[in-house]
Amino acid sequence: MLHSWSVRLAVLVAVLCVTTPAGADDAELAMVTGDASVNQRLAALEAEIEQLRAASRATLTAAATFDPPVPVEEGCTPSPACEPIVGRDFFNCGCRTGGIVAGAEAVFFKPFYSANGAPNVDSTAVPAAVPSTMTTYPQLQYNYVAAPRLWVGYVGANGLGARFRFFDYYNTASSDFGVLAGAAPGNFIQNAVIALRTYDLELTQQVDFRSWRLQGFGGVRYAQSNQQSQAIGGAFVNTQASISYYGLGPTAGFQAERAVTSNGRWSIYGAGRGSLLYGNQRDNTADITGSYINGNRELNSVFASIWELSLGPQWKIRLPRGGEFFVRTTVEAQYWQGVGNFAPTPVANLFTPALNRNNDAGGFGLLGFSGAIGITR
């Protein structure tokens, strides 16, 4: 198109030079060109040429970056991250709008306990009268199960927002330790349950910097941890115990995305979070083997903590009216400290020189992976 206009302009100049005598006035020029005003016609041609030059520059810029320029939609606030970037679509480049953010995630976790912290009974401190084969069965082997994690919130055009998050995890395990007890399979069974929940209400602040999207967040968390252990020998429940913790406290963290492609659709996502809790712990134990102290124990003003890390790839696509749809998968780890576990803790005193109780200061870890979809801004 630019070439055709160049040819037309050259022809026009040639015609003017050949057919117009020296000293011709505007009327004569008008007769040659067929225009009412030569000056108006030339001005119009100059405007068209300038438009063609601008289009050519935009085309060359897009070809150099392998991506079309990002249009700025009406009512949008340009992102500062886009200032040094021409023709690229890093995250929400060119347009940041306020709106709803939401996501749904399936987290596949398996609990891990250290030493004898899994739901079992240890014979190292039980009376000699109790057969050791009844109390030394191995820790339970949990499998990976899926747990939902959901969040919804709002982020303004300035990057400030708020959100609510919910996580619910439930897992069971069972094993047959009849061989260790000298009995046929099916006579001695160990069952266990672990159930966790967290509720987060927090403020968020998002900042874009070149290929990075950074977000800090902080707020309050309410967490629940429930663990149960049951050993069945023959027709009797030999040992049954439950440990529960309910706590409230501050939570804060940081997440980051780093674009790894020129259009920003692929990125590396990482996040870390810490929660400090203050709450109540309960331990209910019933035991007929003489290994554990029976009864209910309740502790108030118990401090606990939860630590989380995740890392993985992420894919995004920009939505027509602002915001982005994302899909990501991550490797994730959590550690719950101070909520208690079933590691036997000897209690030595005058009346019970060798009985155990559950470990109120213990904890456990969760390790697995996740897949998530949602809308971000």
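## Basis of the model

Residues are numbered from 1 along each chain as its sequence is written, and side-chain values use heavy atoms, with hydrogens and water left out. The model is predicted, so local features need pLDDT of at least 70 and side-chain atom pairs count only at pLDDT 80 or more, while totals for chains, interfaces and linings use all residues.

## Confidence

pLDDT is the predictor's confidence in each residue, from 0 to 100. The chain has a mean pLDDT of 78. In 70% of its residues the value reaches 70 or more.

One is residues 11-24, with ten contacts beyond four places in sequence. The other is residues 80-92, with 45 such contacts. A contact means heavy atoms within 4.5 Å.

## Overall build

The chain holds three helices and twelve strands. Both are DSSP runs, numbered from the N terminus: helices are H or I with at least four residues, strands are E with at least two. Of the 377 residues, 44% count as buried. Buried means under 20% relative accessible area, exposed over 50%, and partly exposed in between (1.4 Å probe, protein chains only).

Among contacts with a separation of 6 or more, 69% link residues 24 or more positions apart. The accessible surface is about 19100 Å². Carbon and sulfur atoms own 64% of that surface. Areas come from the Shrake-Rupley method with a 1.4 Å probe; for residues, only the protein chains shown count as cover.

## A nonpolar surface patch

I100, V152, Y154, F164, L201, V220, Y222 and L248 form a nonpolar patch. Together they have about 730 Å² of accessible area. Nonpolar side chains (Val, Leu, Ile, Met, Phe, Trp, Tyr) are joined within 5 Å, like charges within 9 Å.

β2 (145-155) and β5 (212-233) each supply at least two patch residues. F164 lies in β3 (residues 160-176). F164 is partly exposed, because its relative accessible area is 37%.

Strands pair if DSSP finds at least two bridges between them. β5 and β6 (residues 236-259) run antiparallel, joined by 22 bridges. A231 stands opposite T239 in β6. Two residues separate the strands of this hairpin, and G234 in the turn has a positive phi of about 65 degrees.

β6 also pairs with β7 (residues 266-287), antiparallel over 19 bridges. A241 has T285 in β7 as its bridge partner. This hairpin has six residues between its strands, and G264 takes a positive phi near 75 degrees.

How values were computed:
Patches are made of residues with over 30% relative accessible area and no salt bridge: like charges are joined within 9 Å, nonpolar side chains (Val, Leu, Ile, Met, Phe, Trp, Tyr) within 5 Å. A salt bridge is a side-chain nitrogen of Lys or Arg within 4 Å of a carboxyl oxygen of Asp or Glu.
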